[in-house]
Amino acid sequence: MVLQSQSLTTSLTNKALVKRIENDNLSSSVQALLYPTLAEAFLNVLPDDGPKLNGTPTEATVSGQKIAFSLQDVAGLVDIHRTAEAVAQKHLTPADFEALLRIREMQQPETGFRQSLARANAPAHLSLMLTDASSQDQLNLENLSIRMPAVEVLDNSMVAAGAPKLLRVEVE
């Protein structure tokens, strides 16, 4: 009985290790697939039929498995520190804007982005529309998150353009 138990434990451990290696290999393959795309994005030379930098889901086949991923220029997201309230209010629903105000009110310097969202009891979908990593006050409307409504631009001083400086990569 002890021998059977040890054999089962060894078998389960081996199975878990194989799964982990498969996941690591898949992760490496996804990274290898995305590196050229990321380089093109930073050089602002993505082909017209390439992935969009606005969070649009894109599919690719890696090692025989379909992988869904999205690329988001963080300049197309509302920054919890830098984006002016008037601009944020224009691009968020009233409920999401109220959550942003709670995040700003409760923000502490040592608190990370996801912790800030959780602390303010912000809806989970806001993590895909907000950032704390933008280096500018302006929003890049060309890469505005698909999760935010398109609005008429009244003040061009709040509009950024050009190649992204930082991309968020989401792999499903």
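## Helix H3 and its packing

The model is predicted. H3 itself covers residues 94-106, 13 residues in total. From first C-alpha to last, H3 reaches 18 Å, close to the 18 Å expected at 1.5 Å a residue.

Which residues of H3 are buried? They are Asp-96, Phe-97, Ala-99, Leu-100 and Ile-103. These residues cover an arc of only 155 degrees around the axis, which puts them on the same side of H3. An α-helix has 3.6 residues a turn, so residues three or four places apart point the same way. The face of H3 turned away from the buried side carries exposed residues: Pro-94, Ala-95 and Glu-105.

## Ile-80, a buried loop residue

Ile-80 sits in the loop between S3 and H2. Is this residue buried or exposed? Ile-80 counts as buried because its relative accessibility is 4%, and the cut-off for buried is under 20%.

Leaving aside residues up to four places away in sequence, Ile-80 touches Leu-100, Ile-103, Arg-104, Gln-107, Phe-113, Leu-130, Thr-131 and Asp-132. Two of these partners, Leu-100 and Ile-103, are among the buried residues of H3.

## The largest pocket

The largest pocket has a volume of about 240 Å³. Its lining has 16 residues. The closest to the pocket centre are Leu-46, Pro-51, Leu-53, Glu-142 and Asn-143.

How does the lining of the largest pocket divide by class? Seven residues are nonpolar, five are polar and four are charged.

## Enclosed space

Rolling a probe the size of a water molecule over the atoms shows where empty space is left. The count comes to two cavities of 30 Å³ or more. The second largest cavity has a volume of about 50 Å³.

Which residues line the second largest cavity? The lining consists of Gly-55, Ser-70, Gln-72, Leu-128, Arg-147, Arg-168 and Glu-170. By class, the lining holds one nonpolar, three polar and three charged residues.

## Gln-31 in helix H1

Gln-31 lies in helix H1, which spans residues 2-42. Gln-31 counts as partly exposed because its relative accessibility is 39%.

Gln-31 and Val-171 are 140 residues apart along the chain. Their C-alpha atoms are separated by 10.0 Å.

## The chain as a whole

The chain has four helices and seven strands. From the N terminus on, the elements run α-β-β-β-α-α-α-β-β-β-β. Buried residues make up 35% of the 172 residues.

What share of the contacts with a separation of 6 or more comes from residues 24 or more positions apart? That share is 63%.

Terms used
Residues numbered from 1 in each chain as written. Predicted model: local features only at pLDDT ≥ 70, side-chain atom pairs only at ≥ 80, totals over all residues. Heavy atoms only, no water. Helix = DSSP H or I, 4+ residues; strand = E, 2+ residues; numbered from the N terminus. Expected span 1.5 Å × (residues − 1). Buried < 20%, exposed > 50% of the residue type's maximum accessible area, 1.4 Å probe, protein only. Arc of directions from axis to C-beta. 1 Å grid on protein atoms, 1.4 Å probe; cavity = no way out; pocket = protein on both sides within 12 Å on 5 of 7 lines; lining within 4 Å. Points joined across faces, edges and corners; volume = space filled by probe spheres on them. Nonpolar A, V, L, I, M, F, W, Y, C, P; charged D, E, K, R; others polar. Contact = heavy atoms within 4.5 Å.
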